[in-house]
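Dear colleague,

I am handing over the structure below, and after it you will find what turned up when it was examined. Please read the notes with the structure open beside you.

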Amino acid sequence: MPSTDSKFPIDVLGKLKKLQLDPSNPTLTSEQKEALKNNVQVMRDAIVLFTATGAARGVSGHTGGAYDTVPEVNMLLSLFNYSDNYVPILFDEAGHRVATQYLVSAIEGHIPFEHLLHYREANSKLPGHPELGLTPGVKFSSGRLGHVWPWVNGVALANRDKIVFVLGSDGSQQEGNDAEAARLAVAQNLNVKLIIDDNDVTIAGHPSQYLKGYDIAKTLAGHGLKVITVQGEDFESLWAGLCEVIAHKGPAAVVCKRLMAPGVADIEGSTHGHDVIPVKSAIKYLTSRGYPEAMAGNILNNIKPNAVPYLYIGSTKEIGATRVVFGESVNLVLDGLSKEEAAKKVMVIDSDLEGSTGLKVIHQKHPEVFIPSGIMERGNFSAAAGFGFDKDKFGVFSTFSAFLEMVISEITMARLNFCNVLCHFSHSGVDEMADNTCHFGLNHFFADNGLLDTQTWMYWPADAAQMTAIVKRVFFDRGIRFIFSTRSKVPYILKEDGKTRFFGDDYEFVPGKDEVIVEGTAGYVVSFGDSLYRSWDAVLRCRQEGLDVGLVNKPTLNLVDEQTIRKVGSSPFVLVVETLNQKTGLGSKFGTWLLERQLTPKYGYMGTNKEGCGGLTEQIPFQGLDPQSIIRKIRQLSQ
């Protein structure tokens, strides 16, 4: 039966036609148009097929963006083959369009086409963003959205005799550092040429609706770039525009207007096109293209999500999404206010991630407080903080935890102005992060960058019930408060009896207070967030073997609970377990806190320590943070 081990069913190399383009001639011949049309369709068909394997195996992915840019990619590849006047790399500031990089790697012979069918699979070396040094044929790391252009300016400075291309998007261009990149490119007259896919679709909606006034062409022209606007699916117009910007001495851009995923019936022009194409839609599309239904069906329908059969003890089989519950908990707070009072007192601002970070339910139930906004984390955070400049007003900001590193200076600004801002950073740690290393949320303690005479509050609930308790308790506290959550769902923590929920109806959250899940005489594990249920499983299994280990939940990450630290520090050992960066997380600080109090137990700490393996649940054991790894560390410290 065909599967991902089968031969790639589209003969890409056999179908591609030779295409040689001369930028001094902006008019395509009939043969060039025919070859271009053919090559675009072949590559688009391949992208639909192999990105759909991500949907089949449950690791998500992105189809539309890579599908969109195939015409300009074909033109650039032809230019690279025609002349050495270019830096021959398809720099792309939208890393989620990584399918482009993988397909080109296969075309160039760096990886077999069959390997594309393992898109975003764990340990396939095909993660959700391109990573230099990991995937054969990949020539750069994209990092996070909108970070490539400023960096490519440096590439252009190092290669002043060559033209450097950047594939852009209407989403990535919303990032503020692109404005800085534009100014430098103009000031230095850099030979950087942008080709921007302006499809009016991002994760949460359409920029023309949620970011009125945003116009890429006018913005870039205002910075001083030469800008050509074309219809991206009109290949003659696209080629002519590309030739014009190549002939221009200095920075220039071609803005390609098109629908998202043109020609793909189920996702064309919709936000669904930003994500991975569903299996049924992929089969439907490929069948409409003349391929036998069984070609894609036999592959996609035989791929199943990878299941981890491990049965945890100490927590429920029921799981909850803490990132979603954050928004539901905010609604519980707002429900206690009138619409007028809520609008006057609270402002919630989104950064194009409302469906991912839990804000969507706030938008739906309390639109009076909600502001949809673009991919502008720095500006949006500062807007939330500025709203909370009044001591009786409260701003709420949310994005992915990986992007916390982008707003450090803005956090300082908010602190200096004594602003009231509640920050929810979802997708913390590494669990179920198929986007891989650049999207890991690891350096939360960077946010705690005030001096000793100031206070920042950092909270990471262990389950959905504790999330609700924390939000309700701290929502109207003054100052800067951070609440963290994971992409993955987590079970509910049970008490030692294995039946009663620890964070039940009688639970009351106290900021700064550590929580003893179970007492122990042999030593203590200190944990929090999604690491708590894994640590609890490990502790319970050790206790079953006669090793009397205790467990402490530390939901307030950056404050010392003097009573609890003396308890654990007076035991034979302390082990901190977390999914934050082992170099910058709680474990890197807790040992110092112990020594400052003349507490000298054996000490160990476990955290994220290497670049990711892709996939979903595989990330945790890959980092050595699964229960069995915790047990081994406990045994080592207890000897």
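This is a predicted model: local features need pLDDT of at least 70, side-chain atom pairs count only at pLDDT 80 or more; totals for chains, interfaces and linings use all residues.

In helix H21, which spans residues 562-569, the buried residues are Thr564, Ile565, Val568 and Gly569, where buried means under 20% relative accessible area, exposed means over 50% and partly exposed lies in between (1.4 Å probe, protein chains only). Because they cover an arc of only 125° around the axis, they sit on the same side of H21, the arc being that of the directions from the helix axis to the C-beta atoms. The buried residues of H21 pack against strands S15 (523-527), S16 (549-553) and S17 (573-581) and against helix H22 (587-596); helices (H or I, at least four residues) and strands (E, at least two) are DSSP runs numbered from the N terminus.

Residues are numbered from 1 along each chain as its sequence is written, and side-chain values use heavy atoms, with hydrogens and water left out.

The largest nonpolar core has 75 residues, of which Phe8, Phe50, Leu76, Leu116, Phe165 and Leu242 touch the most other members; such a core is a set of buried Ala, Val, Leu, Ile, Met, Phe, Trp, Tyr and Cys residues joined through side-chain atoms within 4.5 Å. Its largest share, twelve residues, comes from H2. A second, separate core of 58 residues includes Leu337, Met433, Phe503 and Val525.

Helix H2 (residues 30-56) also holds Gln41, which is partly exposed, with a relative accessible area of 24%. Leaving aside neighbours within four places in sequence, Gln41 is in contact (heavy atoms within 4.5 Å) with Tyr285 and Arg289.

As for the cysteines, a search of the whole structure finds zero disulfides, a disulfide being a pair of cysteine sulfur atoms within 2.5 Å. Cys256 is in no disulfide, and the nearest cysteine sulfur, that of Cys243, is 13 Å away; Cys256 is buried, with a relative accessible area of 0%. The sulfur of Cys419 is 11 Å from the closest cysteine sulfur, in Cys423, and is therefore too far for a bond, and Cys419 is buried, with a relative accessible area of 5%.

With best regards
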